[in-house]
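Hello,

The structure we discussed is below. My notes on the pocket and the salt bridges follow.

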Amino acid sequence: MIIAIIVLLLAAFLLYVAALPDQFRVERSLALRATPEQIFPLINDFHEWEAWSPWEKIDPAVRRTYDGPAQGKGAVYAWNGNKQLGEGRMEILETQPFSYLRIQINFYKPFAAQNIIEFRLEDKGATTLVSQAMFGPCNFISKLMSLFFSMDKMVGTKFDEGLLSLKNIAEKS
C-alpha cells in the first residue's frame with residue numbers, strides 16, 4: 001500500500017513537471033540617454049562585448065575566438081572559460097541596423113543548450129529603450145531544474161547588469 005502511494009505521488013510529480021511550459025523567456029529593458037546609432041555598434045560587434053557584458057567579468061582568463069565578419073550577420077564569438085562561465089558560441093543571425101539584433105547562442109559546458117538572444121532598440125526621442133531577451137526550448141530536465149533554479153533570476157540579473165554597463169558606456173560617448 002505504501003509503495004503504491006509513493007509510486008502514485010512520483011507519477012503525479014513527473015506529470016506536473018512534464019506539464020510545465022515547453023519554452024522559457026527572460027527579458028529585461030532599460031532606457032538609455034543615447035541614440036540607437038550610439039548603442040547599436042556596442043552590441044552588433046562581439047569585440048565590444050568585453051567592455052559591457054557581465055559574463056566577461058566572471059573569468060578574466062577566458063579564451064575568446066572570433067570568426068566571420070567583424071560585426072553584423074555571420075559574426076561569431078566563441079569562449080572557453082572556467083567552470084562558472086563554461087564553453088559556448090554565439091553567431092549573429094540577423095541584424096537590422098540601429099533597431100534589432102538576433103543571435104544564436106549555443107552552450108556546450110557546463111550543460112548543452114541552444115537558445116536565441118534578441119536585442120531591440122526603440123528610439124523614444126531623448127532616450128532609447130534597449131531590450132535584451134533570451135528564449136528557447138525547455139526539455140524535461142530543464143523543466144525539472146526550473147523547480148530549483150530560477151532562470152529569470154540567474155539570467156535576468158546578468159541582463160540587468162549588462163544593460164546598466166551598456167548604459168554607462170553609451171551615455172559617455
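Buried means under 20% relative accessible area, exposed over 50%, and partly exposed in between (1.4 Å probe, protein chains only). This is a predicted model: local features need pLDDT of at least 70, side-chain atom pairs count only at pLDDT 80 or more, and totals for chains, interfaces and linings use all residues. Residues are numbered from 1 along each chain as its sequence is written, and side-chain values use heavy atoms, with hydrogens and water left out.

Salt bridges

A salt bridge is a side-chain nitrogen of Lys or Arg within 4 Å of a carboxyl oxygen of Asp or Glu. The count is 14. Glu27 pairs with Arg25, with the closest N and O atoms 3.1 Å apart. Glu27 counts as partly exposed at 36%, and Arg25 as partly exposed at 45%.

Arg64 bridges to Glu56 at 2.6 Å between the closest N and O atoms. Glu56 is buried, at 9%. Arg64 is partly exposed, at 26%. Shared partners also join Arg28, Asp152 and Asp160 into one salt-bridge network.

Largest pocket

A pocket is an open set of points on a 1 Å grid over the protein atoms alone, where a 1.4 Å probe fits, with protein on both sides within 12 Å along at least five of seven lines; lining residues have an atom within 4 Å of a point. The largest pocket is lined by 45 residues. Nearest its centre lie Phe107, Phe111, Met134, Met151 and Val155.

Best wishes
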